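This briefing covers selected features of the structure shown below. The points are grouped by topic for reference alongside the coordinates.

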Amino acid sequence: MNKYAVIVAGGSGTRMRALMPKQYLPIGGLPVLMHTLKKFARAIIDIKLVLVIPAGDFELWEELCEQHQFQIPHQVVAGGKSRFQSVKNGLNAIKEQEGLVAIHDGVRPFVEPSVIQSSYEVATKSGSAIAVVALKDSIRKLQDDGKSIFQERQYFRLVQTPQTFQLARIKKAFEVIELHTFTDDATVYEHQGWQVELIEGNLENIKITTPEDLEYAEFLLSK
Ligand SMILES: Nc1ccn([C@@H]2O[C@H](COP(=O)(O)OP(=O)(O)OP(=O)(O)O)[C@@H](O)[C@H]2O)c(=O)n1
Ligand SMILES: C[C@](O)(CO)[C@H](O)COP(=O)(O)O
C-alpha cells in the first residue's frame, strides 16, 4: 500500500517573532523541518514525502538543502493562506486515490517513529489515526459570567499530529469550504460524518510555536 506524508510548513511563524519562519530555524545546527522529514523517512520504508512551504520560500529551501547536503527525496508544494489551504494543496499534489497519508506539522520534529508507524497501522484498519496525549494538569472552563468551573480531565486529550487517513477519504473531506472550526485535519474528516480513531502520541512531540519552545527543542535534542 502507498504511504504518503504531507508535511505542512506553509506558515510564517508570527508567534516565534524570529527573523525567518520557525520551520527553517536551526536546532542542533539543522533546520527544524529537516529533523521532521528525517523522522518520517526513517520510520517508514518507501514513504513518499510532500513538503508544503510558502511559494516565496522555494529558493531559500533549495539553498538550505544544498548547505546541509539534505538528500531525502521529497516533492515541494506551495502553501496556502491557512493551514487548511496548505494541507489541501499538499493532498491535491498526490494524484493517487489508493493508500494512506499522514498529515504532520513541519514544526513537530520530536514525533516518535513508533507513533508514526502506529498511525499508519491503525489507519489501515479504521480509516484514521489521530495522535493525542492525556493532560497532566487540572483544567477549568471559563464562563461568560467571569467565573470558572472544574472539568474532569480524564475526558480531555491534547491533539497532536500525525493525523493519518485513507487517502481517498481525506481528499474528499478537504473538498469543502473552510470553516473556522477546522482547527486540524480530524475536524475536517469528522465534518463528513465519519468518526476518528485516537492513538497515543508522545509528550515530546511539541509544536514549536514560541521562543521558549525553541530552547526546549535544543534541550530535547541534547538528551
Ligand atoms: N498557512 C499556513 C499556516 C500554517 N501552516 C503550518 O501548520 C503548522 C501549525 O501551524 P502554526 O504552529 O500555527 O504555524 P504558523 O502559522 O507558522 O505560526 P503562527 O500562528 O505563530 O504564525 C505549521 O507547521 C505551519 O507551518 C501551513 O502549512 N500553512
Ligand atoms: C494541527 C494542530 O497542531 C493539532 O494540535 C493544531 O491544531 C494546529 O494549530 P495552529 O492554530 O495552526 O497552531
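In this predicted model, helix α1 (residues 32-43) comprises twelve residues and spans 17 Å from its first C-alpha to its last, close to the 16 Å expected at 1.5 Å a residue. The helix is mostly covered, with nine of its twelve residues buried.

- The buried residues of α1 are V32, L33, M34, H35, T36, L37, K39, F40 and A43.
- The cover over these buried residues includes the strands β1 (3-8), β2 (26-27), β3 (30-31), β4 (48-53) and β6 (100-105), together with helix α4 (113-126).
- The largest nonpolar core has 52 residues, of which A5, V6, I7, V50, L51, V52 and V101 touch the most other members.
- To this core α1 gives the most, with six residues.
- In soluble globular proteins, nonpolar side chains tend to be buried together.
- Leaving aside residues up to four places away in sequence, I7 touches T36, L37, L49, V50, L51, V52, H104 and G106.

**Ligand surroundings**

- Around ligand 1 there are 21 residues, and G10, G11, T14, R15 and S86 come nearest.
- By class, the shell around ligand 1 consists of four nonpolar, twelve polar and five charged residues.
- Ligand 2 is surrounded by R83, D105, V159, Q160, T161, T183, D184 and K207.
- The shell around ligand 2 contains one nonpolar, three polar and four charged residues.
- Strand β10 (residues 157-166) gives the most to the shell of ligand 2, with three residues.

- T161 and P162 are joined by a cis peptide bond, with omega of about 15°.
- P162 is found in strand β10, and T161 is among the residues that surround ligand 2.

- Strands β8 (residues 139-142) and β9 (residues 148-151) run antiparallel and are joined by four bridges.
- L142 has S148 in β9 as its bridge partner.
- Five residues lie between the two strands of this hairpin, and G146 in the turn has a positive phi of about 90°.

**Non-glycine residues with positive phi**

- D46, although not a glycine, has a positive phi of about 60°; its place is in the loop between α1 and β4.
- D46 counts as exposed because it has 7 C-beta neighbours inside 10 Å, the limit for exposure being 12 or fewer.
- Q69 is likewise not a glycine and has a positive phi of about 50°; Q69 lies in the loop between α2 (58-67) and β5 (75-78).
- With 6 other C-beta atoms within 10 Å, Q69 is exposed.

Conventions
Residues are numbered from 1 along each chain as its sequence is written. Chains are lettered from A and ligands numbered from 1 in the order in which they are written. This is a predicted model: local features need pLDDT of at least 70, side-chain atom pairs count only at pLDDT 80 or more; totals for chains, interfaces and linings use all residues. A residue is near a molecule or strand if its C-beta atom, placed from the backbone, lies within 6 Å of it. Ala, Val, Leu, Ile, Met, Phe, Trp, Tyr, Cys and Pro count as nonpolar, Asp, Glu, Lys and Arg as charged, and the others, Gly among them, as polar. Two strands pair if DSSP finds at least two bridges between them. The expected span of a helix is 1.5 Å times one less than its number of residues. A residue is buried if 20 or more other C-beta atoms lie within 10 Å of its own, exposed if 12 or fewer, and partly exposed in between; C-beta atoms are placed from the backbone. Two residues are in contact if their C-beta atoms, placed from the backbone, lie within 7 Å. A nonpolar core is a set of buried Ala, Val, Leu, Ile, Met, Phe, Trp, Tyr and Cys residues joined through C-beta atoms within 7 Å.
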